[in-house]
Amino acid sequence: MSETESKQVVSLLSGCLKEDRNAQRKLYKLFYGYAMSICVRYSKDAEEAREVLNDGFLKVFTRLDQYDNRKPFKGWLRRIMINTALDNYRHNLKHYYLSDVEDNSPAAEDFGAEQQLGYDDLILLIRKLSPAYRAVFNLYAIDGYTHEEIAAMLHISVGTSKSNLAKARANLREALKKSRIDEHKQYV
């Protein structure tokens with residue numbers, strides 16, 4: 001973030017602390033894309049991602065006095081969005097059902113054989129994982145948490161975290177095979 005952008009964020013944060021709605025709106029718009037990219041990874045669809053995003057920003061605005069301005073705001077925002085997504089996962093856990101691998105695999109026509117796997121395609125495949133597998137995969141593979149940290153966050157055992165990660169990876173590999181993406185061409 002440039003020095004000008006940093007000053008803008010500091011100014012907006014100051015306004016948000018004073019409950020200035022205009023500053024809140026500008027901060028929301030400034031970090032919308034970044035925050036949404038986090039929420040999308042943990043949500044089953046765009047609607048749920050928007051719900052998590054809005055809940056996350058509500059937490060940002062109500063807990064802004066807890067933010068340590070010696071640290072980057074973006075990191076604090078990231079942590080809130082991840083925790084909000086995990087809260088949503090835990091809250092809706094009773095509504096989620098395990099689904100079969102065949103139900104989670106994308107249709108073969110979703111990807112051409114020559115097409116490389118892009119970000120949107122990867123997010124689509126991750127979204128089709130069961131909620132438990134998706135949460136562990138995102139926390140470990142994308143956000144860099146350890147199995148011990150994941151176990152504490154999701155209230156599961158370390159072994160369950162490792163098992164869910166292995167199963168998520170297996171499901172993703174199977175989905176890639178079924179969609180006829182040549183994995184070797186992706187890296188050429």
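This is a predicted model: local features need pLDDT of at least 70, side-chain atom pairs count only at pLDDT 80 or more; totals for chains, interfaces and linings use all residues.
Select Tyr-42, Ala-85, Tyr-89, Pro-131, Arg-134, Ala-135 and Asn-138: these residues line the second largest cavity.

**Stop 1: the cavity**

Searching the whole structure gives 2 cavities of 30 Å³ or more.

Colour the lining by class next. It has 5 nonpolar, 1 polar and 1 charged residues. Arg-134 is among the lining residues and belongs to the charged class. Asn-138 also lines the cavity, and its class is polar.

**Stop 2: H2 against H6**

Select helix H2 (residues 21-42) together with helix H6 (residues 119-127). Their axes lie 8 Å apart, and the two helices pack at an angle of about 40 degrees. H2 is therefore oblique to H6, because an angle under 35 degrees would be needed to count as roughly parallel.

Show side chains at the contact. From H2, pick Ser-37, Val-40 and Arg-41. On the H6 side they meet Tyr-119, Ile-123, Ile-126 and Arg-127. How many nonpolar, polar and charged residues does the contact of H2 with H6 have? The counts are 4 nonpolar, 1 polar and 2 charged.

To end, keep Tyr-42 in view: this residue of the cavity lining falls within the H2 range, residues 21-42.

Methods
Residues are numbered from 1 along each chain as its sequence is written. Side-chain values use heavy atoms; hydrogens and water are left out. Axes are lines fitted to C-alpha atoms, for helices over the stretch in contact, and angles run from 0 to 180 degrees between N-to-C directions. Helices (H or I, at least four residues) and strands (E, at least two) are DSSP runs, numbered from the N terminus. Angles under 35 degrees count as roughly parallel, over 145 as roughly antiparallel, 65 to 115 as roughly perpendicular and the rest as oblique. Contact means heavy atoms within 4.5 Å. On a 1 Å grid over the protein atoms alone, a cavity is a set of points where a 1.4 Å probe fits but cannot get out, and a pocket is an open set with protein on both sides within 12 Å along at least five of seven lines; lining residues have an atom within 4 Å of a point. Grid points are joined across faces, edges and corners, and a volume is the space filled by probe spheres set on the points.
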